[in-house]
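Hi everyone, thanks for making time this morning. I'd like to walk you through one structure, so let me put it up on the screen.

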Amino acid sequence: MRCIINSSARQILRTYDDAAELSARSSVQTSANISRSPSKLDGTAIALSLCKHGLNTMNKLPSLTSLISTSLFASLLLFAPACSETGTEARQEVDCSDGKCDTPGSAASAECAAAFPGDRDAQTQCREDKAYGHCEARRADALESSQQAFVKDAIRWAAADVEGVNQNGRDDRGQEYTEYFAVVVPPPETEGGSAPARALLGLNNSSGGTSPSTIDLTEDQIFALEDEPDAIVGQCVFTSWHNDIREPMAICNGSDSACPELPFPEGSDVASWVTGTTGMKMNSENLKMKVSFNSNGAASDLAERCMTEPLVGDPENPDDPLHDNYTRGCMKAFELFQTEWRRSDSAVCVAGGRLAQCGCGVDTDNDGVADITDPKEISLALVPRQPLPSGETTLRGFPLGTWSGIDELPAGCHFADTGDTGQTLVTCDLTGNDVLAGAADVKERCRAKYGNNVVVHVPVPSAAIVCEAPAGGQYSDTCGELPWVVTAENSGSNGGGNTTDPEPASCAHDVCEEGGNLNAADCSDSCVGTVCDADDFCCTNAWDNLCVEQAEELCNKTC
């Protein structure tokens, strides 16, 4: 392709030379050697690059379009460089067939393949650019919200899948070491008839698919649900039972065939047609996770790989985004498995990289000296393979809780009795209203209503972790006493590192009291962030009676 820039285009672009700050991760860099730091391209280079890669590439430049007004952008299109095709393939349609776009990672790969057909190098760079974008989103989740991912005794993330995980090709939901589905006891199909069998909606199966997540309702069923809109008719089920743990739940007395049916939580206000239990057996077929990477072995392997050869930024380039403690770990997840878009993989790699770069190990005899320093052995200490040599299963899956604590849950949710204290099974109430509103995808109703506040906690034995930052290490100045507790304040290379587990200040007033607006960043009660995520009025204007009511509902507070 030969590109010619006419004088009109050159004049317009020259006007914006000083404003054209493009990210180094832009997919239209003209140099093959792309710096990770932001760079400035002159108008001519922009025009040549747009011409080289096709005018459709302009749709991929939010950084450019945000700098140039709509009217000027229209002028750019009018005076765009004239291009003569000499064999370069045109941009193709994105191929999303066969589930190719069911996760943010697969969608990114499909988009890059369409943008640069036949150009492997450009596709690779394009996918890396998108990975940095995913890491920025995950960093905001983990560090810049009230729901902190890294605390002294745990690494945490929401059970809900991130935006972009869908079921357009197949149902790929359940990416965060938690799988979830709904069990519903629908009303009789005709008034006065017998209640139909319970429906398992969106349940993963061993063949890689799921049961339908849609529930078809007759007119009489709709009327019955409308008559009892607040009555409980089902449960959202969140399970973290690793798929390579074979032993049945303790409540099953050693045999799947002896498992009881999942009951409704004690004291539940169930609908008039609901009698007894949910009708679902608490066996491995229903409750053990089915996605292959939701396993004990995969979690241990991920931790080991994240601690092995962690990424580093360019010491000569202070603007390299890899100097950020979070971004380094997130991009390690991309390097390993291209799963930087997951909350879980990113969080594990962030913590693992920090342990490695800060000289951390495990003290097994309480003498203050790390006895285990090999990444594989550390990973096995953090996520021990099951069952233990004694035959005992001590980690069926990662415990579930919520942001305010590992032993707490959001309102409407309950720890199911599994016969042990592992907290690997949580159920949350589904009402008649929920089923009516979410009938087209009841599994999504569970994700949207509860998934962001049912939280996976990966235990960190903080008392046994001993760290000695290497002298002269590139990031030793950020290590502190708890290197894995990465926060927005200490994430940069000059942040100095945390020295203690961060403790926010107490709230200006209790969440059960009306008063001035509360700020989640300055308040020790995580309920403030939960309420403000649902109703920002409470943090921007005043904490009124509705905010108090939401604290009761969303945080299970007794006000």
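Let's begin with a pair of strands: E11 and E14 run antiparallel to each other, joined over two bridges. If you want a spot to look at, find Gly401, which sits opposite Val455 in E14. Before I go further, please keep in mind that this is a predicted model.

Moving on from E6, which covers residues 154-158, we reach E5 through an antiparallel pairing of two bridges. Val151 faces Ala154 of E6 in that pairing. Put together, we have an open sheet of four strands in the order E5-E6-E14-E11. E5 (150-151) and E11 (400-401) are the edge strands with a single partner strand each, so one side of each has no neighbour in the sheet.

What about the nonpolar side of things? The largest nonpolar core holds 76 residues, and Phe150, Phe238 and Val454 have the most contacts inside it. Helix H11, residues 343-357, is the top contributor to this core, giving six residues. Apart from this core there is another one, of 16 residues, including Trp241 and Met282.

Finally, let's zoom in on Phe150. Leaving aside residues up to four places away in sequence, Phe150 touches, among others, Ile155, Tyr326, Ala347 and Trp484.

Definitions and conventions
Residues are numbered from 1 along each chain as its sequence is written. This is a predicted model: local features need pLDDT of at least 70, side-chain atom pairs count only at pLDDT 80 or more; totals for chains, interfaces and linings use all residues. Side-chain values use heavy atoms; hydrogens and water are left out. A nonpolar core is a set of buried Ala, Val, Leu, Ile, Met, Phe, Trp, Tyr and Cys residues joined through side-chain atoms within 4.5 Å. Buried means under 20% relative accessible area, exposed over 50%, partly exposed in between (1.4 Å probe, protein chains only). Contact means heavy atoms within 4.5 Å. Two strands pair if DSSP finds at least two bridges between them.
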